[in-house]
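Notebook open, model on screen.

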Amino acid sequence: RVCRKVPAMVEKNSPETPQQIALGIDLGSDRSVSSLLVGPPFGQPTLVRNKLSNDSTPTAVAFSSNQKRCVGDEALEQPASNAANIVADLPKRAGASGPVSVGYGPDGASEDFSLEHCLAMFLHEVSGDAAAHKGGQAPSRTVIGCPQAYSAAQYSAVADAARIAGISNVSLASSSTCLAFHYAERHGGDAFPPPEATEPRLVLLVDVGCSYSSAAVAAYHADMRVEVLASRGTDRVGGGVADEALMGHFRQQLQSKHGDAASGAKFEHRLRRVCEKLKKLLSTVESAKVDADSLLPDADVTLTLKRSELDAMLRPSLDALAGIIAEAVAGAGG
């Protein structure tokens, strides 16, 4: 269990309390968000915008043929012809053994990078954006929120990546802990029971991400303590999991008809984009179709699907989500 008290606001600065800058990074499998908290006096956290003025950054790196390293939005803007050199979904791949081989050397020769080094490139970029936001002053403390379902090896990989990136004074926290305190920060006094209350206010927090999801039960006490009573996480629920289900469905269809033409890094890159678009359409209509331009070299392809078919594909994920919610509630004594 995690139990901490929400600190009171500091009203004014003093020589004994020099100003500090804390950087928080929500490490997402698809996109990551960072914010700065400056004080004393401490106010509300400020979102850090990247070089393109976006308040979230794709958690990806890429390597172009001219030996340039691309991070974030620039990585995902690489053409499909360079899809094999895009390293995405970094948080989920953290802790995996084996290097990433990319055509990065002279004349496109293969070069190997560890996943920790790839993640370090991303964290270095995010930390640099935060420093630029404060006139070049680096954060004095950094907290990285990691998926609840992370293993010890994955936590260790993120810590190694932060060290490689040159980020000092780093703490790692589970996404459930971060979400519990974010709820208190967002709702203020309304998150807590009145001062005379003897029982805490219990809140079920459910976070559905791209590759990971979590459920937690948090207790908000009258004395402003926040206590995470129980939490569970899974990598079987998320937007990216839905994309993979769609990709598997259409990959099988296309390979049965077109053979090896429906394979390779370029095909997978384009298929993912089409499936993401189809998934979004099915959130508002009962059936949808998307023209998949250039998906196959010598054939025009249109992908069609009904929402009922998507629901059937995602039934195992929905069951997994219900499972972690039930486990979190049971773990909290409910």
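I started with cysteine 70, which counts as buried at 1% relative accessibility; my cut-offs, with a 1.4 Å probe and protein chains only, are under 20% relative accessible area for buried, over 50% for exposed, and partly exposed in between. This is a predicted model, so I keep in mind that local features need pLDDT of at least 70 and side-chain atom pairs count only at pLDDT 80 or more, while totals for chains, interfaces and linings use all residues. Numbering runs from 1 along each chain as its sequence is written, and side-chain values use heavy atoms, with hydrogens and water left out.

How many disulfides does the count come to? Zero, by the rule that a disulfide is a pair of cysteine sulfur atoms within 2.5 Å. For cysteine 70, the nearest cysteine sulfur belongs to cysteine 118 and is 12 Å away. Cysteine 210 is in no disulfide either: its nearest cysteine sulfur, on cysteine 275, is 13 Å away.

Then the cores. I take a nonpolar core as a set of buried Ala, Val, Leu, Ile, Met, Phe, Trp, Tyr and Cys residues joined through side-chain atoms within 4.5 Å. The largest one has 34 residues, and Val61, Val87, Phe122 and Leu123 have the most contacts inside it. Two or more residues each come from strand S2 (20-26), strand S6 (61-63), strand S9 (100-103), helix H3 (115-133), strand S11 (141-146) and helix H4 (152-164); I use DSSP runs numbered from the N terminus, with helices as H or I of at least four residues and strands as E of at least two. H3 gives the largest share of this core, nine residues. I checked what leucine 123 is in contact with (heavy atoms within 4.5 Å). Beyond its neighbours within four places in sequence, the list for leucine 123 is Ile25, Leu27, Ile144, Val158, Ala161, Ala162, Ala165 and Ile167. Another core, of 22 residues, lies apart from the largest one and includes Leu271, Ala292, Val301 and Leu303.

Still on H3, I stopped at glycine 128, which lies in that helix. Glycine 128 is partly exposed, at 35% relative accessible area. Its C-alpha is 9.6 Å from that of proline 139, eleven residues apart along the chain.

My grid is 1 Å over the protein atoms alone: a cavity is a set of points where a 1.4 Å probe fits but cannot get out, a pocket is an open set with protein on both sides within 12 Å along at least five of seven lines, and lining residues have an atom within 4 Å of a point. Points are joined across faces, edges and corners, and a volume is the space filled by probe spheres set on them.

Of its 14 lining residues, Ser32, Ser34, Val48, Thr57 and Val126 are the closest to the centre. Strand S3 (31-39) and H3 each supply at least two residues of that lining.

The second largest pocket comes to about 880 Å³. It is lined by 32 residues, with Ala88, Asp89, Arg272, Arg273 and Glu276 the closest to its centre. Helix H7 (265-282) is among the elements that supply at least two lining residues, and H7 gives the most, eight.
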